[in-house]
Amino acid sequence: MTPAAVPRFGRRIAAFLAAAVLAAPVVQAHDIPDEVLIPVFLRETDGELHLLARMPLLLLAALNAPKWGAGYLDLERVDPTLRRAAEAFGAEAPLFDDDGALLPPRVEGYRIALPWDRSFTSWEAARQAVAAEPLPPDTQVFWNQGFLDLHLVYPAPETGGVSMECGVAPGFGDRVALDVIHETRGEDGEWDGDLFHISVREGRVALDPSALQAFRAFARSGVEHILTGWDHLLFLLCLIAPFGSLPHLKRLLVIVTGFTVAHSVTLVSAALGHAPEAAWFPPLVESVVALSILYTAAENLISASVGRRTVLAFGFGLAHGFGFAFALGESLAFAGDHIPLALFSFNLGVELGQAAVVVAILPLLHLLSGSDRARMAVNAVLSVFAGHAAWHLLEPRLAELSRAWVLSGEAMPSWSWLLWPLGVAGAAGWVVVTLRSRRSGTRSRC
Amino acid sequence: MKNKRKMALGALLLMAVVALVGCQAGGGSTDAGGDAADMTGAGSGVPVVDPAWPTLPDDWLMGEVAGIAVDMNDHIWVIQRPRSLNADEAGLMQDPPLTQCCIPAPPVLKFDADGNLLDSWGDHTGYAGEGYDWPSSEHGIFVDHNMNVWVAGNGPDDHQVIKFSADGTFLMQIGTSGRTEGSNNTEFLGRPADMEVDPETNELYIADGYLNKRVIVFDAESGEYKRHWGAYGNEPSDDDTGAFVPGEDPISQFRTPVHAVRIARDGMVYVADRVNNRIQVFQKDGTYVDEMIVEGNTLGNGSTWDLELSPDDAQSELYNADGANQRIQIIDRQALEVTNWFGRRGRHSGMFHWVHNVVVDSQGNFYTAEVNQGRRAQKFVVN
């Protein structure tokens with residue numbers, strides 16, 4: 001920083017801090033989670049697909065089942081309602097072949113189960129549960145306490161796999177989800193199951209995807225994640241804001257490449273299981289992601305150099321990669337046998353989305369940055385905006401981190417020795433790069 | 001010169017990081033509320049309080065929390081006393097409002113394991129409805145294997161246990177408000193404290209209670225009377241037992257209140273005889289098996305307030321909420337010996353004042369409820 005820049009820097013910092021602190025939320029609202037999970041087993045035997053599902057009776061509210069007393073199901077008259085419910089499930093959780101043709105369901109059986117019944121733990125147990133004798137007609141089953149077990153049969157597709165959607169009880173939106181265990185015979189003749197968590201958000205999910213299907217699905221997911229991941233976008237914005245003009249294109253490429261390489265490394269390693277499993281690790285990563293925006297925004301207002309920015313992009317990119325991996329985590333099951341391809345295509349999608357953002361923003365920044373003064377003003381506005389948003393992101397994430405850390409009830413686990421040398425090396429690198437950049441005078445003022 | 005100063009700063013930074021590493025590596029378990037040595041007896045597996053559990057709407061306040069239960073989905077049900085709050089605490093609902101907060105929370109609250117409020121019944125007056133008598137002083141809640149919710153009260157006229165569906169629909173009442181006929185009556189109760197339903201037989205076991213001195217069993221579906229018994233399996237008597245005296249020979253009757261009843265999967269029934277500082281063990285038919293004394297010199301309200309079984313298959317541990325000594329005792333169920341405990345008297349997070357109830361979810365996490373001026377529910381995580 002040149003001596004002349006100090007007063008200007010001071011004013012910017014003051015404005016930045018004021019904006020961030022005054023805008024801090026007084027009260028955090030909370031959401032009320034209320035997810036309804038429907039366990040589903042799907043297996044192909046004897047040329048047919050058999051689906052077993054356990055649906056909470058709560059979802060049958062719209063069918064107005066016959067009741068008596070305070071609200072007990074009239075088990076002697078409820079049969080037509082249960083059949084309609086089974087048919088509705090077949091229509092709202094449809095199966096398709098690889099050509100997109102609907103596989104028509106046939107209702108094979110259904111039965112009411114009481115709340116304490118925990119028999120839907122395996123294919124065999126579920127099959128027995130559906131086929132068991134109906135409950136005695138005088139059993140007290142409150143209309144929304146218990147389950148409807150159902151068995152649907154579909155013609156097996158002649159070639160390829162099947163896909164499934166979840167639109168069950170549309171009034172519940174994405175609070176209703178299917179936990180589908182798709183069982184196939186392994187080479188040893190034993191049944192192997194893959195778990196798919198499907199809600200209306202996932203759309204149509206291939207249960208035994210081809211390489212092309214996996215590639216498309218995960219590339220799209222990667223693009224969607226970066227385009228809807230506000231924290232990643234804000235960090236990207238902060239990274240490029242001081243260099244927002246076309247003459248800086250080469251510098252930008254270096255910075256963005258540093259970010260890309262770093263988050264690719266941690267994304268792949270975490271997705272392959274090489275990441276801490278401690279409950280406090282996700283909130284730690286999320287906090288570092290928010291902190292990365294806040295720090296970069298602050299640095300933009302102080303002094304940003306290409307050399308240091310590349311190190312910064314790489315260092316924080318490691319944390320962002322873990323964040324991408326959390327988003328990918330549960331959905332990796334959708335890749336079937338193509339996990340490496342899914343990782344590649346998800347990362348590719350992230351890069352494409354990232355490139356699209358840079359391509360969209362850069363000309364705009366260039367247009368607005370007609371002079372050094374204008375470039376500095378644009379940088380300041382964007383950085384204050386991003387820093388402000390990051391402050392709001394950081395507060396609840398730190399609270400969650402603190403909570404998870406306290407509840408862990410223990411000192412850092414043994415693998416933590418890996419983190420500390422990385423931190424020390426990062427700090428040392430920062431010092432070295434700072435000193436070098438001052439000596440060489442390559443700093444780019446903003 | 002400047003660079004030298006920067007180098008020195010860098011070195012300082014490194015030293016600070018190294019010091020942090022050393023500090024962290026030397027740190028022990030954190031136990032909110034104080035030193036672990038002050039909070040527990042010897043042993044490992046210290047439960048750690050979750051200070052953020054539970055979350056209520058911003059203007060709700062709980063009164064005395066007199067019951068807590070865990071259902072089969074690991075959701076936590078709380079019954080609390082909205083009418084125990086004074087005008088200052090319930091300032092927002094005064095006319096005109098005294099303050100910006102609070103209104104009494106509804107008496108029945110349902111949370112998930114993260115403390116998010118999922119459901120609630122009633123309002124600041126309770127949960128009155130047609131066909132049943134909502135108790136004047138809420139006390140005891142249990143969610144059975146069919147997801148029905150049972151509620152008891154211990155007010156002067158609260159001689160009833162009420163059965164609801166999980167959404168709060170009234171299903172059945174056993175006993176009648178304002179009418180009690182002693183410890184050998186098979187129709188009326190005497191200020192029942194707590195209850196549990198045996199999933200094997202669908203029978204309702206009631207700790208009856210603050211007035212009667214017995215355990216009584218009904219069919220949980222029809223409400224039909226099945227059996228009842230007193231201490232040691234004796235026929236209960238309502239004769240005055242006098243005050244508890246430390247060191248006295250064990251008396252042949254329960255003292256009031258008979259405060260909790262729990263049924264183990266192996267068929268043992270555990271009864272909290274609070275003021276006698278003892279837990280008695282029975283078979284389901286009321287045959288006496290064994291007993292243990294917990295902190296036997298405890299006077300006043302007694303030491304055995306609520307009982308819970310550990311979630312392992314063998315249910316190897318029994319937990320006792322000791323609201324007099326303000327701790328949760330961990331008891332070896334076979335040996336009937338206290339092997340560990342946690343908690344201490346105090347008002348900070350993780351401490352207790354009149355800890356009234358304890359339950360455990362399927363993951364082994366503890367949830368506690370406090371009455372008198374405690375007035376809160378707490379969660380303790382076991383790592």
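Modeller: Before the sheets, a term: two strands pair if DSSP finds at least two bridges between them. Strands themselves are DSSP runs of E, at least two residues, and helices are runs of H or I, at least four residues, all numbered from the N terminus. This is a predicted model, where local features need pLDDT of at least 70, side-chain atom pairs count only at pLDDT 80 or more, and totals for chains, interfaces and linings use all residues. Residues are numbered from 1 along each chain as its sequence is written, with chains lettered from A and ligands numbered from 1 in the order in which they are written.

Biologist: What order do the six strands of the open sheet in chain A take?

Modeller: The order is β7-β8-β2-β1-β10-β11 in chain A, with mixed pairing. β7 (106-113) and β11 (191-199) of chain A each have a single partner strand, so one side of each has no neighbour in the sheet.

Biologist: How many bridges join β10 to β11 in chain A?

Modeller: Nine, and the two strands run antiparallel. Asp179(A) is opposite His197(A) of β11(A).

Biologist: Switching to chain B. Why is β18 largely enclosed?

Modeller: Four of the five residues of β18(B), residues 278-282, are buried, so the rest of the structure largely encloses that strand. Buried means 20 or more other C-beta atoms, placed from the backbone, within 10 Å of the residue's own.

Biologist: Which residue takes a positive phi in the hairpin of β17(B) and β18(B)?

Modeller: Asn277(B), near 55°, with four residues between the strands. β17(B) and β18(B) pair antiparallel over five bridges.

Biologist: And in the hairpin of β18(B) and β19(B)? Which residue there has the positive phi?

Modeller: Gly286(B), near 100°. Five bridges join β18(B) to β19(B), and Val281(B) is opposite Asp290(B).

Note on methods
Buried ≥ 20, exposed ≤ 12 C-beta atoms within 10 Å, placed from the backbone.
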